Amino acid sequence: MCAEQISIFIENKEGRLAEVTAILRDADVNIRALSLADTTDFGVLRLIVNNNDRAEKALKKEGFTVGITQVLAVEVKDEPGGLNDILDPLSENEVNVEYMYAFANPQCKNAIMIFRFDDHDKALKILAEKKIKVISKQEICNL
Amino acid sequence: MSIYNINFETMPREGIEAIQLKRLQATIERIYVTVPFYKKVFDTAGIKPADIKSLEDLQRLPFTTKLDLRDNYPYDMFAVPMENIVRIHASSGTTGKPTVVGYTKRDLDTWAELMARSFAAAGATSGDIIHNAFGYGLFTGGLGVHYGAEKLGASVIPVSGGNTKRQITIMQDFKPTILTGTPSYILHLAEVADEMGVDFKDLHFKSGIFGAEPWSENMRAELEEKLHLKAMDIYGLSEVIGPGVSIECYEEQKGLHVFEDHFIVEIIDPESGEVLPYGETGELVFTSITKEAFPIIRYRTKDITRLNPEPCTCGRTHIRMNKPSGRTDDMLIIRGVNVFPSQIESVLMETKQIHPHYQLVVDRINNLDTLTVKVEIDEALFSDEIKTLQTMEQKISNDIKEYLGVSAKVMFVEPKTITRSEGKAVRVIDNRKF
Ligand SMILES: [Zn+2]
């Protein structure tokens, strides 16, 4: 089972990000990782949280447009070339990264990278062949 | 589905045009001598009845507007003496005086025939029971529909508007199969039925004929789902005859067939008055060619739509007009291009097959008009990838440029951020100062 990311459309308005995080706080949702991609007019906020259902419900109730995206969470070794071990076999097979962001695994020194690939299924297959562990949704919730 | 007047409704194009020309010439000759208003405007334009030699010559005649009708209040537009008038109707005047129209015996026959054709187009036969919730009175809706139903040979229940709970009881007991009324009242009726615990699927309706106000495809979906029937749009206005000028057919529900053996329809540019080719959007203009008491020449309806001459699967050869999508009063002129909010809506619907909330914002920056189209993002439009969202904004912008010929910046905004007034989205914000 893959990790699930919550994405939200937000206009570039002052304080908007804080409003989103306040909604999640009030819904008792813990944010594991967050990345914001933006243009001059709008941004897409991508979140990994401990409880997707609760987060989605709370945000929709406040009128946000919320999307759920399957992403891949992979643990990266805390050593030189750790990221290349993952990316090289993928790029050799023409799987490209749409976007990625990271957060620290609270249980060890390693980082957990969140990837969105242009070909999710192919990426999953290649990672399995290379015996690279993909972290499940459940594991992320339990971190 | 049967066609009420197979000879006229399926006549080949050349036949229709020949009849139109003959009837137009007769109408012009007659009103030139019977209606001083028309004599005056034709003389001013330098046109004699004998100058009308082809259908194209109609374009040389001046338009008639609501204002002209007001100036001739109440009876000065009538083309027959009062002793030949057997009915008078009037449209409510929201400002100033109402518009008064009259009918001879033959006009009422014509009108009843057009409504009978409309019922047949909507799938009704003489075996049907028609629940007519259009208001009876000065308004043409109630009586127009009524006499058409009788002409068809159907059974008509003249309930008129109002007393909604009683209407629902009548629907349960009398088992009507065809429903007529204004779409807004019918939706209200559905709500009341729901409160009373009455489910329309236990009633017996197969078709509904709704009109007298513009309604959208969204409303069609809602009406059809709530009422368990097929909803057809009917168009008409008292100045032209009343309901029954055009109607959608049961087979297609796509465009309203205009009864062209009685009316000539044109689409004009509301600014220049020029006649536009088929398919282009503009103001709907009607000329009556069989009416005796109240003939009308090139009447500007202020309704915005376009014409579709493609043959229809129902077999009717009469041209179809799209559901009217707005009024000329809503038109914007941006850098010399006429823009109707409804055209932007069509582009948005074609892009994603959805019906998003949108708003047009017009500004004048350094003496240049700019158009921004704000579109509320919903789940169907949303993507977690910025690239996809920007590509979509660009595509909509390109489509607007291609279809409307005007450059627009498309901007996605958060849901519920477009100004609403009494629940309806405010479609246009014009910040220009003229
Ligand atoms: Zn048809």
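Start at B:Val240. Leaving aside residues up to four places away in sequence, B:Val240 touches B:Val245, B:Phe263, B:Phe286, B:Lys291, B:Ile296 and B:Tyr299. One caution before I go on: this is a predicted model.

Where in chain B does B:Val240 lie? In the loop between strand 7, residues 230-237, and strand 8, residues 242-248. Is B:Val240 buried or exposed? Its relative accessibility is 0%, so B:Val240 counts as buried. The cut-off for buried is under 20%. B:Val240 and B:Phe263 are 23 residues apart in sequence. In space, their C-alpha atoms are 8.4 Å apart.

Step back to the whole of chain B. Its secondary structure comes to 11 helices and 23 strands. The C-alpha atoms fill a box of roughly 70 × 60 × 45 Å along the principal axes. Why call the radius of gyration of chain B consistent with a compact globule? Because a compact globule of 434 residues would have a value near 22 Å, and chain B has 23 Å. Of those 434 residues, 55% count as buried. Look at contacts between residues at least 6 apart in sequence: in chain B, 65% of them join residues at least 24 apart. Chain B exposes about 18,900 Å², and carbon and sulfur atoms supply 51% of that. On charge, chain B has 49 positive and 61 negative, with mean positions 3 Å apart.

Next, chain A. Here we have 5 helices and 7 strands. Along the sequence, the pattern of chain A reads β-α-β-β-α-β-α-β-β-α-β-α. The radius of gyration of chain A is 16 Å, close to the 15 Å from the globule rule for 143 residues, so chain A is as compact as a globular protein of that length. The box for its C-alpha atoms is roughly 45 × 35 × 25 Å. In chain A, 47% of the 143 residues count as buried. The accessible surface of chain A is about 7,400 Å², with 46% belonging to carbon and sulfur atoms. Chain A carries 18 positive and 24 negative charges, and their mean positions are 5 Å apart.

Last, the interface. Together the two chains bury about 1,700 Å², 54% of it on carbon and sulfur atoms. In chain B, B:Phe382, B:Asp384 and B:Glu414 lose the most area to chain A, together 38% of what that side buries.

Conventions
Residues numbered from 1 in each chain as written. Chains lettered and ligands numbered in written order. Predicted model: local features only at pLDDT ≥ 70, side-chain atom pairs only at ≥ 80, totals over all residues. Heavy atoms only, no water. Helix = DSSP H or I, 4+ residues; strand = E, 2+ residues; numbered from the N terminus. Rg over C-alpha atoms; globule rule 2.2 N^0.38 Å. Buried < 20%, exposed > 50% of the residue type's maximum accessible area, 1.4 Å probe, protein only. Contact = heavy atoms within 4.5 Å. Areas by Shrake-Rupley, 256 points an atom, 1.4 Å probe, with all protein chains shown as cover. Lys, Arg positive; Asp, Glu negative; His and termini not counted. Charge placed at Lys NZ, Arg CZ, Asp CG, Glu CD. Buried area = accessible area lost by both parts, 1.4 Å probe.
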